Amino acid sequence: MKDQQVEVVAGAHAVARVAGAVVVVAHRESGRLGPESAAVRALESLAGLVREAARQSPRGPGALVARQSTRWLMKDAEQISPGVPIDFGILSAAENGGVAIFLHGNVTAVLAGAAGIEQYRGSDAAFTVDRVASVPAHALALFADDAQGRIPELPADRGIGRLVEGIAQGAGAIVWSAGAARLPTEPPAAQPYPLPTARIDPEPREPQPDPREHAETSVHDHDRHHALTEQGDLEDSGTNPAPRPDPDLQARLEATAKATSLVVKVRGFKCARAHPSDPRSAFCTVCGMPVDQTQAISEVVRPPLGMLILDDGMTYMLAADAVLGRDPEHSDAAQNRGLVPLKIEDSSGGMSRAHAEIHLMNWDVALVDRGSTNGTRTRMPGYRDWVRLTPNQPMILVPGAEVMIGNRVLRYEPAAPPPFG
């Protein structure tokens with residue numbers, strides 16, 4: 001993204017380009033945007049975070065930007081804007097050559113590719129949107145939503161504006177792809193699956209219905225936007241295009257995520273910064289600071305209990321119970337039991353549609369294999385061997401534990417930074 005033209009769209013929010021990445025922070029306060037505005041202070045803080053991530057991961061800082069931004073939300077955002085959420089988005093380079101998209105709150109990323117326009121909205125997620133996408137053929141934009149949830153339309157032609165580095169005021173920014181002059185008019189080329197990073201012996205794939213038999217009767221179409229957090233959505237290179245999203249299904253998933261995240265009350269402590277924390281831990285679950293173990297235990301709202309980091313760097317924030325698989329949106333767990341679907345692409349044939357579930361039990365994260373054809377394997381930190389889970393028996397994950405489903409590996413990590421930052 002370093003060499004691409006970044007064009008600022010006129011508006012009242014804060015926009016920055018730093019170390020090749022684009023950052024947009026919504027200005028929600030009354031009055032004009034100024035140096036002391038919460039949006040500008042947040043932008044400067046996030047710019048420092050992005051710059052450091054680019055220094056540590058020059059080949060593609062997207063995954064590190066997402067992890068550090070999540071921790072920034074839990075540790076620093078409240079100090080900048082007490083009691084008022086900060087809406088922001090970051091576009092940065094991914095290590096695999098794509099673009100990493102991180103959204104929180106009322107911000108939207110727009111991809112203009114050969115197939116047309118595709119949107120990813122931070123308002124659809126229970127906590128964050130975190131995914132990797134292929135660089136679109138024409139343009140990639142990041143906008144702050146207005147009070148009615150609207151965003152500007154992409155111009156048909158690129159302009160002459162070019163933000164090289166620094167901060168500007170605007171509604172958002174457009175990153176034009178090399179050689180693109182106009183918006184899409186041609187059909188898309190097929191996209192390959194990402195290469196897996198861990199392998200198991202192939203096992204028979206569960207039978208799948210012929211999609212042509214259900215083309216006219218099925219109402220369970222793919223929902224391309226996932227609540228909680230999102231992972232890269234690269235389509236199979238076959239001849240069957242993805243069906244149109246079912247708006248009713250999308251509404252149910254969004255309502256489920258927003259109803260279950262960050263409202264569960266448990267017994268715990270509070271640190272010196274008033275963050276809720278696991279009473280068994282000497283350090284705060286949110287900020288990592290020491291916790292007074294002599295205080296009286298009280299009822300607190302449980303924060304996210306950590307994150308699952310996929311082998312390609314994508315991060316899922318654990319704020320609600322979830323179901324993992326290659327097509328979890330249409331499972332009983334998502335539609336009838338209210339679990340948030342986390343879709344994981346897998347080309348090995350070893351992942352079930354609804355492969356495993358994550359349950360947040362008080363302050364613990366439990367993994368359950370739901371009788372998948374090829375099983376779920378875990379590896380504890382410090383061990384070499386993988387252990388296959390007994391179906392339908394929950395296993396408590398510890399920080400650093402790895403989970404293998406199909407041909408993909410996820411690692412469970414706490415959300416809080418190390419003690420004392």
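Which strand does β10 pair with in the antiparallel sense over four bridges?

**Entry 1: ground rules.** I am reading a predicted model, in which local features need pLDDT of at least 70, side-chain atom pairs count only at pLDDT 80 or more, and totals for chains, interfaces and linings use all residues. Residues are numbered from 1 along each chain as its sequence is written, and side-chain values use heavy atoms, with hydrogens and water left out.

**Entry 2: the sheet with β10.** I looked up the opening question: strand β10 (residues 265-270) pairs with β12, antiparallel, over four bridges. Strands here are DSSP runs of E with at least two residues, helices are runs of H or I with at least four, and both are numbered from the N terminus. Two strands count as paired if DSSP finds at least two bridges between them. Val266 has Val300 in β12 as its bridge partner.

**Entry 3: β18 and its partners.** I next looked up β17 and β18, which run antiparallel and are joined by six bridges. Ile358 has Leu367 in β18 as its bridge partner. The hairpin of these strands has two residues between them, and Asn362 takes a positive phi near 55° there. On strand β21 (residues 395-396), I noted antiparallel pairing with β18 over two bridges. Ala366 stands opposite Ile396 of β21. Is β18 enclosed or open? Five of its six residues are buried, so β18 is largely enclosed by the rest of the structure. Buried means under 20% relative accessible area, exposed means over 50%, and partly exposed lies in between (1.4 Å probe, protein chains only).

**Entry 4: salt bridges.** How many salt bridges does a search of the whole structure find? The search gives 15. The term covers a side-chain nitrogen of Lys or Arg within 4 Å of a carboxyl oxygen of Asp or Glu.

I looked at the pair of Arg280 and Asp364, whose side chains meet at 2.8 Å, N to O. The pair links distant parts of the chain, 84 residues apart: Arg280 is in the loop between β11 (276-277) and β12 (298-301), and Asp364 is in strand β18 (residues 364-369). Arg280 is exposed at 55% relative accessibility, whereas Asp364 is partly exposed at 23%.

Asp312 and Arg408 also form a salt bridge, at 3.4 Å, N to O. These two are 96 residues apart, with Asp312 in the loop between β13 (307-310) and β14 (315-317) and Arg408 in strand β23 (residues 408-413). Asp312 is partly exposed at 29%, while Arg408 is buried at 3%.

For Arg370 and Glu357 I found a salt bridge at 3.2 Å, N to O. Arg370 sits in the loop between β18 and β19 (376-379), and Glu357 in strand β17 (residues 356-361), 13 residues apart. Arg370 is partly exposed at 34%, and Glu357 is buried at 3%. Both belong to a network of salt bridges that links Asp332, Arg337, Glu357 and Arg370.

**Entry 5: nonpolar cores.** I looked for nonpolar cores, meaning sets of buried Ala, Val, Leu, Ile, Met, Phe, Trp, Tyr and Cys residues joined through side-chain atoms within 4.5 Å. The largest has 39 residues, and those with the most contacts inside it are Val23, Val25, Val50, Trp72, Ile86 and Phe88. Elements giving two or more residues to this core include β1 (5-18), β2 (21-25) and α2 (62-75). The most comes from α1, with ten residues. Ile86 touches residues including Val25, Trp72 and His104, with residues up to four places away in sequence not counted; contact means heavy atoms within 4.5 Å. A second, separate core of 31 residues includes Val132, Val300, Leu342 and Leu397.

**Entry 6: cysteines.** I searched for disulfides (pairs of cysteine sulfur atoms within 2.5 Å) and found zero.
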